[in-house]
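Overall features come before local ones.

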Amino acid sequence: MSAPAPPAPAAPPPPKKDTLTIVFDGKPIEVPPGINLIEAAKLAGIEIPHFCFHPRLSVVGQCRMCLVEIEGIPKIQAACTTPIKDGLAVKTTTQKVRESRAANMEFLLINHPLDCPICDQAGECKLQDNAFGYGEQRSRYDERKRQYAGYDRTAIGPHVVADMTRCIQCTRCIRFCQEIAGTGELTFLDRGGRTLVWTHDGKPLANDWSACAADVCPVGALTTKEFRFRRRVWDLKKTPSVCPGCNIGCNISIEDRDSVVYRFLPRLNPAVNDYWLCDYGRFLSESLNAREISKATVREGSDVRDAIVPAAVERIASEIRSTIETDGPSAIFFLGSAHLSNEENFLLRKIADHIGCGNRDVVVDRSRVRRMKSKTEWIEGDHAGANYAGARDMGLSPGPGGHGLTDVLEGRWIPQIVVVADASFAAAADDAEKVGRLRGARFLAVAARTANSLTRAADVVLPAASLAQKEGSFTNVQGRVQWFQRAFLPPPPARAHWELLLLLGVALGWGDRNWTPAAVRTQIREEVEGYDEVTEQELAGGGLMKKGLFVSTGAV
Ligand code: SF4
Ligand code: SF4
Ligand code: FES
């Protein structure tokens, strides 16, 4: 008798897929696991309207706007709370879905004022958009709408104004304060049809990121004191930039109209600030409109005279040339700034190199240390200027045998000439003792936009641009190099710091007047360690970590 045949080997398990297939309205698409149906639909180019879902907040299924049909489930489902699985077939355009959305909109609008023309959220309101996209043309509701006397147009903190007649109880603001800020100031008060969102025990909404509650509010129930009713949002132009408030380097949109900056909004970068901004950085927007130095001035004896910019630059160059002849280049001191771009600090260091001067430095200012939540972790800033790391990378530290800023401020060395590339640097610019030390030089030149003790003490003052008026790159505390673009031109004769520095370089026999920040970045790539892979495309795409640095915050 022959031995029984060995059992057939088990079929190998099907290979594990990295993606899931979801069929939207008959069209299959591959999506990564771990997202919900709203996000999956977005990848397929399909919009599922929603209010309460936010990609970084817990899912609560509160608003019922995201209703869809799912094959095999008899009742209509909320897309935000439905876990995705392979093969799920979803319908987003059936009559049942359309009627459910319209009914939900009618329900939400029962108590919502129908006065978009006088609401400051108009133009960026999800309720307005979804009413247009998914609601009915007419309301069947004739009764009086709910009023919230005492809870309308009322400040609930230093920055946020609440108007509960507009609230749709989506809880995004409550979840932001609990889950991101971790401070939990907001809660629901009262019950049923009288429910409203307010602060616990009337304590203010005053966490460091409080205005983000207004960002996440999909309607006009929370707005910021600083921006509300100043401009219609569709009138504003958005320019990608980087917050000047600290060296976390949060990504912002500068929003301006007719060369006036009206607000900063967060610009999504999951590796840095995700969807958020701190209040301090956000409300620096207004400071960009200040202009106190509007022309070049040159001191002649006890007189301060107006001058054209090239003549004022030539005056600085001639002082440098004559000092080199009498005392050598080591009698000159160049001070860069963490508020200037990589390109500008690079140009300043190259000018110092060109004349053979190793005395250069940058102000260290740890006066405002901030924190910001990226998608995956908290980032700690350690400098009040956006580009401290970049200024150091560009070579603004004393060269061999050279002097630094503390040598000057502590009286160990008195230079003949001090060139301050950005006079708006921290408290030192208004500290009489520190200004006195810098003024100890025979000749003091500064570039500035706002006046301070240093500009008043200077022999030559050059009118310089604001962040909104120039382009360049900053390197943040993580080592991420990020691009900021120009929103509008500086008012003549003010010029970007890099243009003023190029004028000075050319007057001293170095550089090319036609260089642009992009041309300077080409040189940085060739000369500065770690910057060789920071291409223009990488900068435009959200920034790149300098080579050799550990990327700890996940890809953008
Ligand atoms: S105030 Fe805005 S974010 Fe907060 S629950 Fe109301 S609608 Fe939602
Ligand atoms: S954390 Fe720093 S970079 Fe970010 S918004 Fe605040 S000040 Fe600006
Ligand atoms: S977004 Fe799904 S219920 Fe609100």
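Among contacts in the chain with a separation of 6 or more, 65% are made by residues 24 or more positions apart. The model is a predicted one. The chain has 556 residues, of which 54% count as buried. Its secondary structure consists of 15 helices and 25 strands. The C-alpha trace spans about 100 × 90 × 40 Å along its principal axes.

**Domains**

According to the domain assignment, the chain holds domain 1 (20-109), domain 2 (143-289) and domain 3 (296-528). The contact between domain 2 and domain 3 takes 35 residues from domain 2 and 33 residues from domain 3. The C-alpha centres of these two domains, domain 2 and domain 3, are 35 Å apart.

Helix 3 covers residues 126-134, and its buried residues are L127, Q128 and N130. These buried residues of helix 3 pack against helix 2 (95-109).

**Ligand surroundings**

Which residues surround ligand 2? The shell contains the cysteines C243, C246, C250 and C278, the glycines G245, G249 and G281, and also I248, L277, Y280, R370 and M372. By class, the shell around ligand 2 divides into eight nonpolar, three polar and one charged residues. The space that ligand 2 takes is the second largest cavity.

Around ligand 1 there are 13 residues, and those that come nearest are C167, C170, T171, C173 and C217. The shell of ligand 1 comprises 10 nonpolar, two polar and one charged residues.

T171 is found in the loop between strand 7 (160-162) and helix 4 (172-181). T171 counts as buried because its relative accessibility is 9%, under the 20% cut-off.

**Backbone geometry**

Most residues other than glycine have a negative phi, and most peptide bonds are trans. Two further sites in the chain can be read against that background.

D258 is not a glycine, yet has a positive phi of about 50 degrees. The loop that holds D258 runs between strand 12 (251-257) and strand 13 (260-266). Is D258 buried or exposed? With a relative accessibility of 60%, D258 lies over the 50% cut-off and therefore counts as exposed.

The peptide bond from P492 to P493 is cis, and its omega is near 5 degrees. P493 is placed in the loop between strand 24 (480-484) and helix 13 (497-507).

**Selected residues and their contacts**

| Residue | Position |
|---|---|
| G472 | strand 23 (residues 472-475) |
| T82 | loop between strand 4 (77-78) and strand 5 (89-91) |
| G184 | loop between helix 4 and strand 8 (186-189) |

G472 has a relative accessible area of 0%, so it counts as buried. Beyond its neighbours within four places in sequence, G472 is in contact with S341, E343, Q482, W483, F484 and R521. Of these partners of G472, Q482, W483 and F484 belong to strand 24 (480-484). G472 and I84 are 388 residues apart along the chain, and their C-alpha atoms are separated by 43 Å.

T82 is also buried, because its relative accessible area of 10% falls under the 20% cut-off. Leaving out residues up to four places away in sequence, T82 touches L37, I70, Q77 and L88. One of these, Q77, belongs to strand 4 (77-78).

What does G184 touch, not counting residues up to four places away in sequence? The partners of G184 are C177, Q178 and H200. From G184 to I168 the C-alpha to C-alpha distance is 19 Å, and the two residues are 16 residues apart in sequence.

Definitions and conventions:
Residues numbered from 1 in each chain as written. Chains lettered and ligands numbered in written order. Predicted model: local features only at pLDDT ≥ 70, side-chain atom pairs only at ≥ 80, totals over all residues. Heavy atoms only, no water. Near = heavy atom within 4 Å. 1 Å grid on protein atoms, 1.4 Å probe; cavity = no way out; pocket = protein on both sides within 12 Å on 5 of 7 lines; lining within 4 Å. Sits in = over half its atoms within 2 Å of the grid points. Nonpolar A, V, L, I, M, F, W, Y, C, P; charged D, E, K, R; others polar. Helix = DSSP H or I, 4+ residues; strand = E, 2+ residues; numbered from the N terminus. Buried < 20%, exposed > 50% of the residue type's maximum accessible area, 1.4 Å probe, protein only. Contact = heavy atoms within 4.5 Å. Domains from an automatic or database assignment.
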